[in-house]
Amino acid sequence: MLRLLLALATADALLLLAPRRLASRRAGLASMTLEISPPDGFVWGVNLDEGSPPPPSPPPSAALLFDCDGVLVETEELHRVAYNMAFEEFGLQIAGAPVVWSKEYYSFLANTVGGGKPKMRYHFTGIGAPEGARNHQDTAKVWPAPTARGGAVPADEAAGMALVDELQDFKTECYKQLVTKAGPRPGVLALMDSAIAAPGIAVGICSASTRGGFEKVVDAVVGQERLARLDVVIAGDDVSRKKPHPEIYNVAAQRLGLSSADCVVVEDSIVGLRAAKAANMRCVITYTPETQAEDFYAEGADAKLLDFSSGVEVGALFSPEGAVLPELLPGVRDPRP
């Protein structure tokens, strides 16, 4: 019996035993004693001293990237409520009427403009929607008067965006309180766990939300233990251009060292779908009551379905060798028209 003592200063040394994700190896074990019985005639020629660098983790062959709001958890209504709380706190008025976003109008915004500040900028100026986007009669196209904050209507774009910054900060605090009671969408965490356990598949979250609100969601829904096993996590603050611009997904692929053809994105809205397709990635849509009427297949979705409650696992998206399947979710996705 050969007795091998592995002194592990950090859990990174567990790479010697199970090379998986870097982020999942931060357990901080102090030491570990392992009994190994080599076959007869076998000669050990390796001497592992404390401090020996572990071998590098093998690079992933593909990636599964999740949006957050609407994909991991149905939070769009919470966002809408939080915005209206901020509008009320600031006493926002246009022509003497309070600024309130209805469910129908917020659904339009969510499928037109990505990110909170861009949504407000678009609402108050009409600027920022992608070319060819639909118009909506409720879009104000005028800066509001913050009657509870002095009442002065912003005189220009700079002053208007300063107001938007303040509104977003207050909205984020409201949202952080609301989201603590949110739960995951059916089946999505099971799919995430299946991908985490699959060799060669990187897993990440790419959210347009600000990090303050985003962190509350992932803490409450994904959990710190699962979050620590992800390969990439990007919030809206980490990129300069919001969805539908593909920057957030391009950055994710770059950090993972993968081509866009090796990535599958899970989104819930037209805005997110456009971002994924602009990054030349495959995209699965799990629509919500607010987005189910959208024609996702016409916009290039590779598959769409209500949720993953049927028990979708990573094998429905990737081959055993870690390659993206030519056809995603056959037999599970909604039929094409």
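User: Which residues of H2 are buried?

Analyst: Keep in mind that this is a predicted model. Helix H2 covers residues 103–110 and is mostly covered, with six of its eight residues buried. The cover includes helices H1 (76–90), H3 (116–125) and H9 (270–278). The buried ones are Tyr105, Tyr106, Ser107, Phe108, Leu109 and Ala110.

User: Are H2 and H3 roughly parallel or roughly perpendicular to each other?

Analyst: Their axes come within 10 Å and cross at roughly 115 degrees, and the crossing is right-handed. Angles of 65 to 115 degrees count as roughly perpendicular. H2 and H3 are therefore roughly perpendicular.

User: How do the residues of the contact of H2 with H3 divide into nonpolar, polar and charged?

Analyst: H2 brings Tyr105, Tyr106, Phe108, Leu109 and Ala110, while H3 brings Lys119, Tyr122 and His123. Sorted by type, that contact comes out as six nonpolar, one polar and one charged.

User: Which strands are the edge strands of the open sheet?

Analyst: The sheet has six strands with parallel pairing, in the order S8-S7-S3-S9-S10-S11. An edge strand pairs on one side only, and that applies to S8 (232–234) and S11 (303–305).

User: Which residue in S9 does Ala63 stand opposite?

Analyst: Strand S3 (residues 62–66) and strand S9 (residues 263–267) run parallel and are joined by four bridges. Across from Ala63, the residue in S9 is Cys263.

User: What angle does the direction of H8 make with that of S8?

Analyst: Helix H8 (residues 247–256) packs on the sheet and touches S3, S7, S8 and S9. Another helix, H9, lies across S9 and S10 and runs at about 170 degrees to S10. For H8 against S8, the angle is about 155 degrees.

User: Which residues does the cis peptide bond join?

Analyst: Most peptide bonds are trans. Here, though, there's a cis one with omega at about 15 degrees. Its proline sits in the loop between S8 and H8. The pair joined is Lys243 and Pro244.

User: Is Ala95 buried or exposed?

Analyst: Ala95 lies in the loop between S4 (92–94) and S5 (97–98), with a positive phi of about 55 degrees although it is not a glycine. Its relative accessibility is 85%, and the cut-off is over 50%. So Ala95 counts as exposed.

User: And what is the phi of Asn280?

Analyst: Asn280 is in the loop between H9 and S10, and at 57% relative accessibility it counts as exposed. Most residues other than glycine have a negative phi. For Asn280 the value is positive, near 65 degrees.

Technical notes:
Residues numbered from 1 in each chain as written. Predicted model: local features only at pLDDT ≥ 70, side-chain atom pairs only at ≥ 80, totals over all residues. Heavy atoms only, no water. Buried < 20%, exposed > 50% of the residue type's maximum accessible area, 1.4 Å probe, protein only. Helix = DSSP H or I, 4+ residues; strand = E, 2+ residues; numbered from the N terminus. Contact = heavy atoms within 4.5 Å. Pairing = 2+ DSSP bridges. Axes fitted to C-alpha atoms, helices over the stretch in contact; angles between N-to-C directions. Parallel < 35°, antiparallel > 145°, perpendicular 65-115°, else oblique. Left-handed = near helix turned anticlockwise from the far one by under 90°. Nonpolar A, V, L, I, M, F, W, Y, C, P; charged D, E, K, R; others polar.
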